[in-house]
Amino acid sequence: MAAAIFFVSPAWADDPASPLTLETATRQAASQAPLLEARYAQQQSAHEEAARAGALPDPQLSVGIDNLAIQGAGAFTAGGDTMTMRTVGLTQVLPSRAKRQAQRDLADANVEQATSTTVMTRLGIEQQVADAWVNAWGAHHELKMLQSMRREWAVDVEVAQARLRGGAGSAADVLAMRMEALDLENRIDDVTSRETQARAALGRWLGHPVTEPLADPPDFSVLPHDEPSLLTSVDRQGNLLDWPAREQEAEAALAEAEAEKHPEWSVGLTYGSRVRGLSDMVSLQVGVSLPLFTRNRQDRGISARSADLDAVRAEHDDAKRQQAEAVQTGWAQWDALGRQTRRHVNELLPQANDRAALALATYRGGGDIEPLLEARRAEITHHTDYARMLTDYGRAWAALTYLLPEGDSP
């Protein structure tokens, strides 16, 4: 593993407020995110639906009058004919065992879907919180570096003014130096705005404004998993966690369509009451559905659900390929940014500082101001690039760190 990056200590290290670590931010966000609460509610809803799946449908109660006379003296009266009965009946539909099992399997798939969606949502929240935290930390890191350069530019302005008073310089030198100093102030304002925006994004997940200082970041050069392990565990990574449940749901829908070919039974019991002392009667009916035309009905439904299952499996395979590509791309980006940040901190930044110091000494000795201005511009560029590169490095680290649920290892 590559050597760790040594970060510049933040200027708020002596602040009495407790600094907010990245780990604390992700845990706080996950513990109170309204979006995650919604996922838990959906998960509970799926469990409730699963508890009633596959149950028999409610029985049907019927009341009526059978054999009602419509002619003669007793027409349209309950006692107008000896055959007339007041009836009350109860009918129970009995779906096939295969259909009820398919309903239970479909409900179980919905539970798995809701559970995996909850885990995916938590991972997504952690990734977004980590991204916002790194953006805020990186912007503040860049701000502190620019503010330290402000002091160096103030010295340059003083030197230019001293040369002007001594007759060795010119007003144009002082003006040029002041203009460069104003450009630095614009850069400071820009990065201050970016830090404010990043803190607002972080506060959106924590539920309150983030005014406390941010702690030192984790070591971005160390990841919890290596690339081969991540590539062999793509099915357990956030973007693919719900695909097994999707396949299970499609399989259950296919089983339910196949169950439509099984006859559906019903049992009915009817009690009839007659008048004029005649005996009451009881009727028993048994019914069964007749799936006679399966070719254009049930078989087409089965073919449709089978095609749906094939589509889900193909999309799952494509999603795995996309995720493997994302892992490889993210790993390559993280690795390249690590090398670039090390090159900056070990070589480019010291050389830029030395160049600026040498140019200032030359200018103090009577040299031209242009080399000093160029050296200062290059120094700002390299320091700004380094700060933003650190931010990108941290974001690439976070994207790979929060691929797997907590406690899951490849």
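Predicted model: local features only at pLDDT ≥ 70, side-chain atom pairs only at ≥ 80, totals over all residues.

Residues are numbered from 1 along each chain as its sequence is written, and side-chain values use heavy atoms, with hydrogens and water left out.

Q: Why is Thr 121 called buried?
A: Its relative accessible area is 11%, and buried means under 20% (exposed is over 50%, partly exposed in between; 1.4 Å probe, protein chains only). So Thr 121 counts as buried.

Q: Which residues is Thr 121 in contact with, leaving aside its neighbours within four places in sequence?
A: Leu 35, Leu 36 and Arg 39, where contact means heavy atoms within 4.5 Å. Thr 121 itself sits in helix H3; helices are DSSP runs (H or I, at least four residues), numbered from the N terminus.

Q: What makes H3 and H8 roughly antiparallel?
A: Their axes, lines fitted to C-alpha atoms over the stretch in contact, come within 8 Å and cross at roughly 165°. Angles run from 0 to 180 degrees between N-to-C directions, and those over 145 count as roughly antiparallel, so H3 and H8 get that label.

Q: What makes a set of residues a nonpolar core?
A: They must be buried Ala, Val, Leu, Ile, Met, Phe, Trp, Tyr or Cys, joined through side-chain atoms within 4.5 Å. The largest such core here has 41 residues, with Leu 20, Trp 133, Leu 202 and Trp 334 making the most contacts inside it. A second, separate core has 22 residues, including Ala 139 and Tyr 363.

Notes
Helix = DSSP H or I, 4+ residues; strand = E, 2+ residues; numbered from the N terminus. Parallel < 35°, antiparallel > 145°, perpendicular 65-115°, else oblique.
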